[in-house]
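Student: Please show me the structure, and let us go through it with questions.

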Amino acid sequence: MKKSAWLPAAIAPVVVAGAIAAPVIANAAAEPVAGSDPTAADVLASITASRTAQYSGTLSQTSDLGLPELPSGSGGSSLEDDASDVLGLLTASHTARLYVGGEDEQRFQLTQQLAEQDVVRHGSDVWTWDSKARKAVHLTLPAGSDAPTAGATTPAQAAERAVAAITPSTRVSAPTTVRVAGHEAWQVTLTPRSDDTLVGTVRLAVDQQTGLPLRVTVTAAGQQDPAFQVGFTSLDYGAPDARLFDFTPPAGAEVTTKDLADAQQSGQDGRAHGGERGGVEPTVTGSGWDTVVELPAGDSARTTRDTDATALLDQLTKPVDGGRALQTSLVSVYLTDDGRVLAGAVPVSALVAAAK
């Protein structure tokens, strides 16, 4: 885990549910809906129109997932430090700045105490920067690909994942009006029809004028307070200063260069020839919000645990039949004794049953 992973676990339930789902809004008009009585399908489809929007804003993220705390003074290894940082990001409130000049110009800036982390994209070039570690990574993207976000989640990303999760097992409310960061928005509530999922509702607030998702709120089943929320607290439309999308690493910084186009081609070649680097597709069982994703046992690098990793897993997970597991208010992860990993927005018992 990396410290730059800003709430990837929080949105995992929507990702899992959307893994095999088909949107119900495919034929709706993909344009902003500022009229007085839009349908939910119109509102959700309008998100597509915001992909070329230009804006700057401040994001606020809050999480209350019921994640366990690492005991203090438990060893001080770099692995434990990284995990502690990630858990801190997932259990407290945080703010970030987001600048978007278009589909290929973005800057995400997370500021923490005495440190800053940035992801800057300009065309096919992406820079990530960690001021605390003084490390920069320069990525070259393949044509037509999305920029990596170092685990960061914006309202737009979360909303698109939620929309992808809509299936017949989801009840979609009629839009209501809300105001977010000074902008009028339509709010649509997605409610799973399943009794087995940990997700209670997902509420999406979409700007009436632009279709830009302004806030995403996820509640756990049986609870009223949000388990996860990310949204704008301030938002200004218009092109940001072009200099924000130019990045030069500071003098003395450690710089790593990666060409993702070459890596992608190597991965395709490996799969084509059955090489060791060939990817193995996960197994998906269940449907809708009850979907369970299973990753097979990996190679020795993943299944062989060093002392630090074993101790860390023992602190984060609890023993269950056939392995160890972690259950938060929204997502569960099950690590089997034979090296498989199962995850889903369902209780641990459902993962254990799916593994048999």
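Tutor: In helix α8 (residues 348-355), the residues Val348, Leu351, Val352 and Ala355 are buried. Buried means under 20% relative accessible area, exposed over 50%, partly exposed in between (1.4 Å probe, protein chains only). Helices (H or I, at least four residues) and strands (E, at least two) are DSSP runs, numbered from the N terminus. This is a predicted model: local features need pLDDT of at least 70, side-chain atom pairs count only at pLDDT 80 or more, and totals for chains, interfaces and linings use all residues. Residues are numbered from 1 along each chain as its sequence is written, and side-chain values use heavy atoms, with hydrogens and water left out.

Student: Within what arc do the buried residues of α8 fall, seen down the axis?

Tutor: The arc is that of the directions from the helix axis to the C-beta atoms. The buried residues of α8 line one face of the helix, because they fall within an arc of 100°.

Student: Which residues are exposed on the other side of α8?

Tutor: Look away from the buried face of α8. The exposed residues there are Ser349 and Ala353.

Student: How many residues of strand β11 are buried?

Tutor: Strand β11 covers residues 213-220. This strand is mostly covered, and of its eight residues the buried ones number seven.
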